[in-house]
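Colleague: Please take a close look at one part of this model for me. I would like to go through its aromatic contacts.

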Amino acid sequence: MKFRYAMVCSSNQNRSMEAHALLKRNGFDVCSYGTGAHVKLPGPSIREPNIYEFGTPYKHMFEELRRKDPELYKRNGILPMLKRNSAVKLAPQRWQDNAADGSFDVVFSFEEKVFDMVVEDLHNRDHVLLKTVLVINLEVKDNHEEAAAGARLTLDLCQAIEDAAESWEESIDEVIAAFEAKHRRKLLYSISFY
Amino acid sequence: MASRDQAVALLCAARTHGDVAIKLSSLRQAKDILLSVDPSLAAELFPYLVDLQYSPHNLVRKMLLEIIGEISMKAMEHCHLLVPVLLALLRDSDPIIARDAVASGIHFYCAVLEEMALQFHQRGKVERWLEELWLWMLKFKDSVFSMAFEAGSIGPKLLALKFLETYILLFTADTNDSDNSVVGGSRRLFNISWLGGYHPVLDPVFFMSDANRTLGILLDFLRSPRSLPGSLIIAIVNCLSAIARKRPIHYDIILSALLDFDPNFETAKGVLPVSIQYSLRTAFLGFLRCTSHTIIESRDRLLMALRALNAGDAADQVVRQVDRMIKNGERSSRESRFSTRDDQQSNQPVISMDQSRKRSMPLDTDEQANGHVVSLKRTRYDPSSMATHTDHSEKDSILGNGTAANASLVDGDLTPAEQMIAMIGALLGEGERGAESLEILISNIHPDLLADIVITNMKHLPTTFLSLPKVGSLPISRQLGSQTSPAHVIAPPIIPTQSTSLAPSSHVSTSAQPINILSQADTSNANSFPTDSKRDPRRDPRRLDPRRTMPPAPTSIVDDIGVVESEFDGSSTLSKSSSFSVPTPAENDLDALPLNYTVNVKEEPTPELDQVSTKDEGSCTAEELVHTSESDIVPEHSYSLPDEDNRDALAVSDFEVAYDAETSFVESDEYSSPADSKECVTEETFGDLAELPLYVELDEAQQRNERNTAIERIIESYGKLSDADCGSQMRMALLARLVAQIDADDDVVELLQKHITVDYRQQKGHELVLHILYHLHSLIAVDANGNPSYAAAIYEKFLVAAAKSLLDAFPASDKSFCRLLGEVPLLSTSALKLLENLCYCDVFDSHGNEVRDVERVTQGLGAVWSLILGRPKDRQACLDIALKCAVHSQDDVRAKAIRLVANKLYQLSYISENIEQFATSMLLSAVDQQSSDVELSQSASVAQREGEVGTQEALISGSQVQSVSTMSLPEAQRLLSLFFALCTKKPSLLQLVFDVYGRAPKAVKQAVHRHIPILIRALGPSYSKLLQIISDPPEGCENLLMLVVQILTQETTPSADLIATVKHLYETKLKDATILIPILSSLSKSEVLPIFPRLVGLPIEKFQMAIAHILQGSAHTGPALSPAEVLVAIHVISPDKDGLPLKKIMDACSACFEQRTVFTQQVLAKALNQMVDQTPLPLLFVRTVIQAIDAFPSLVDFVMEILSKLVGREVWKMPKLWVGFLKCVSQTLPHSFSVLLQLPPPQLESALNKYANLRGPLAAYACQPSIKGSVHRSTLAVLGLSDEMHIQPSHVQTLQSSNTASTQAAANLT
């Protein structure tokens, strides 16, 4: 595994964590982040989401929600998800604050809005290392099933990137084209620098 | 030492050991050692490192690169050995290593750049090793740039693109960033604005324009995106977007390039337009997020583009965010003005504070002084302040000093217009070199922005007219003149007054007045001649002399100067500044204010100031602030060598202070007033005064010689330094004056010519020639009442020589000649002569052969044309040339000239009349000369002939007549061509042709005949004027008329108008039916029949033509008459009634019979059948029958029928026909026996009497038993067979059967 990966979604709960978990299991060097202002989890109704700060441990959220309404959160899969997450890492992290985590080679986002924020954020950083970073957006709906499918696709694409060439720059157009053809999913990508 | 040995051992192991893992670990350890030891020690180990670049192991090379990257930053001074390795690794076969090499290189590049700036600012010079490194960096730049273009791995290319971006960012003045002071240790990227306009190694202007060029390179990539992989295009878009956001100056260009860029193409690999499109979207959204003025102004365009990319929602969201941000900003600014200022100035106050702390100078003016220093730097760094400083004079005073740039900083961001002006100013300062970039820049500026720029600059226009002594030497060349800069250059003289008047009222005057005064002077002067001062700073040695520093404020003088001194020694060259001797103007005498080099501190000396100067006395020996009364003399100040003691004492000041001083000294020589130096020149500096050259008296020859040498030298240097704007301007002016002094020295003119043509096309030569000519012209004007001849002669000579050399040097297609003539101040007669010769006269080569180059004629005529358009004064002369050529004897020349005259010049209303007159006179001369000749010859050779024949004979007769009157066809054509060419443009002119046709000689007529078809074709269907002429033709032009009608009807169906006109003409004026022939095919039967006799009356060949037309008919109606009808029509003509001789009719018949393909057997039969029933029978009927049987013997049976019918019609009663009848009968024996037998006996009798030889055969025929029975007795009696006669009842039958038999016989015959 040559590259360092980052999985980014909005709250660093579902899509990015699903992919994070899967890639981690497959031996990838991977981190995950969210770009939102807060971590949002569904609540009893749409107008009543559960909101946490980034950095709040998954375990803490798990405990809290289980206290609130174990049935509801079990049924909608939030509790299992949080449990899974807490097995992967301690707490959700915010993309915009990850400068200390070092540079990544490939960043995956799962939503256009997130992609925009990642690209914009990278753009606004000082490019000190002059290290290229590939940002790929794979559109994945924010539910458990889609997240699982998205994670598998992500793994597939990551393996393709790893296998294609010594440095992703040489092969990215082909890899993406091949992926699109194989899975009939559209990808977006951009190139930025650290 | 131990560590050194250890490192050597490790490096050797890294090189020689077989195991890669050991190699790497050794290397890693070596690296630690290298980084830990002293750089100079580490440098000793570099040779060992260098070898490793050839290692076959990628990982080793990668590690090497890492080491180089780190160590080169640390031991920059010693790493000249390592940089070549870095460059070599750029080309590494492993793209990852190549990529990392680029990255390391970029870091190193920035570091070197920064170090150079720092070093110069700190020590006033750049160390040799650093300069060497910089040379390597230039190589690095070139290789990376080429990497961006070459085919190769994408990874390194991405980095190369990043370098392009970095390069542009480095070398485009960063106007947003107020932190451009060089503060050691800052992680901020170097920016060109640090240099503040001058650096011994880095030429800011060059790099700024190079950055512009580089941007062009990036933009060019987008023009041919097909060849690039998608990832590169995305990277390029991202780079451009980053540049636009960070350097708003480039924003407009980049935005329009991105808007124009169409991502919907298939890349070479056939993929990913989506991502490319998305990168555009990201870029536009990024722009929207910016709060820069330029970008906010283009918001609508961005929104539109984003909507087109289906990103309208995202765009709206961003806009809302930004608006909220701006609103918040405004609110907070309302809350606290000062805090806002702090915010916006960002770190500026911090720096000031910082500096003051370090210097531990508890003066209350300190902070302000330092703040001011920073702003001063900014004034120099940031050309934008040049444009803005006048706008803020009010705020200046509030701030307590005249530094407008400071005020503009407080004001926040510069407007885009101001940024642009700054940019333009910088480029202008560069002169010729900048011109290219400037052109690109200006061509890319949005019109609105351009208007803003102009308006912004108008503020700098002087309110009163200033007589500026310096203007003459300012490079107000024509190009520059068209831009806004001159206003900018001229404006500053006002500034000092403005700020001066404001200064006394400033509320901080108590504490900082001296500073105000001085700094005010500094800035105003520094700004007052940006162009001049920047023009060539490097050539001025004084620049390098830090002692010429003028510290920004007296408070800092002491230590500043001290430090400067401590760092620099070397003899002062202050005295040289005396070359800028400038009068010190009285305060109120604005008009006398010189533009440059004056420090005008029009301020009453304040006590503080005095104190300061006294306080400084010890340190600045020569420093004096001389104040006389406020009203008359401007106080000057100067700073010179401080005392040694002070220097030592003050050497401890930290470098930032030194830096301050240095930055400000950049301006120093610009405003060191001469008076200063005079006053303050110390003895040691006095010795450096340049000695005055000896005055040597030269005799005339020597003078001339000197002049020539001077010119030669100027020209020689011209070639080498042609890129320096001021130099070339100066050179031009010098050359112009020198040329003006030379009296007809051919050598010099030749030399100049050669020089001019060499680079004529690069503008330089052209400019020089014009400069010289204008100078000479002005001399002529000045001398107008004196002796104009001298300058005029030189002018004339030089112009002609220059024009000739252009003709000789360049091919005919070159426009230089035309341009020269078009732009010179005055076209002399000899120049016109030259032009005329070019167009008109034959050119002969050395062998006497004609070498007219038609291209040259074209060139000449082109020049003539442009001169007619562009030089009203010389219009007539040029027109004459053109017209002269239009009657040139050589066809191709004439054709060219005629094309010019008729197609181009004739359209010009102001000369069309002249042209017409000329053409008319040519036509008339052709006609009249000849006709007068004809008259002459006629009188000479006793008129016995008429018309054309006469002419010819006249030519033959009388030799003396012949010599005058020979007008060949070519000659006639020569004179007529132009007129006919004009006719195509103005058909009414044709009238004249018709008018004169009658009296025109044959050659002219022929010429007319040749031209008419072309003309009519050219006129096309719009020949209404022609119809008018046709309807009422002048006398004598019948032939022409026929020709015209014939041409008009050729190929096309004549129009109804034409037919009507011709018919009308025939009915009224012209009785000649020939005119009708061309239109016959369009006439109907009822129209043709009435005129048919007239047609028959025409000469036979015309009749044949008419028949052809009639039978041809038109496509719509078919033929007017069928051939049979034609025959009938001919026959019905009655010689008596129609007044035609019978002979004519007979000829017409014969003509018809000749056309056996048209008038076939059937046609004849049909016609005869018709005619035989007519009453009366046509006179020529029988004759035609005879002709028919002659022509077609197989018609015999048909003819017999006709004859029988004639018998039935009692043909004997028509004597003329009866003769013919008998003749026919006798010719058609034996077939006609039966017809004969039908005749009544008396007629038979008379017939037999006439043709006695008929009797026997007829009797024999009648005797046949089958016949005899059917023949009437009386008939038999006539034949003398009455005895045997007896009637047979079936005689009719027999006759019939005999008829059948004869028919069969006839059939057998055929």
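Is Phe1092(B) buried or exposed?

Modeller: Phe1092(B) is buried, at 1% relative accessibility; buried means under 20% relative accessible area, exposed over 50%, partly exposed in between (1.4 Å probe, protein chains only). This is a predicted model: local features need pLDDT of at least 70, side-chain atom pairs count only at pLDDT 80 or more, and totals for chains, interfaces and linings use all residues. Residues are numbered from 1 along each chain as its sequence is written, chains are lettered from A and ligands numbered from 1 in the order written, and side-chain values use heavy atoms, without hydrogens and water.

Now its partner. Phe1103(B) is buried too, with a relative accessible area of 1%. The ring centres of Phe1092(B) and Phe1103(B) lie 6.3 Å apart and the planes meet at 80°, so the pair is edge-to-face. Rings of Phe, Tyr and Trp (its six-membered ring) pair if their centres lie within 6.5 Å; planes under 30 degrees apart count as stacked, over 60 as edge-to-face and the rest as tilted.

Phe1092(B) sits in helix H56 (residues 1085–1096) of chain B and Phe1103(B) in helix H57 (residues 1100–1112) of chain B, so the pair ties together parts 11 residues apart in sequence. Helices (H or I, at least four residues) and strands (E, at least two) are DSSP runs, numbered from the N terminus.

Elsewhere in chain B, ring pairs build a cluster that includes Tyr109(B), Trp134(B) and Phe207(B). The charged end of Arg875(B) sits over the ring of Tyr910(B), 3.7 Å from its centre; the rule asks for NZ of Lys or CZ of Arg within 6 Å of the ring centre and within 35 degrees of the ring normal. Over all chains, the count is 24 aromatic pairs.
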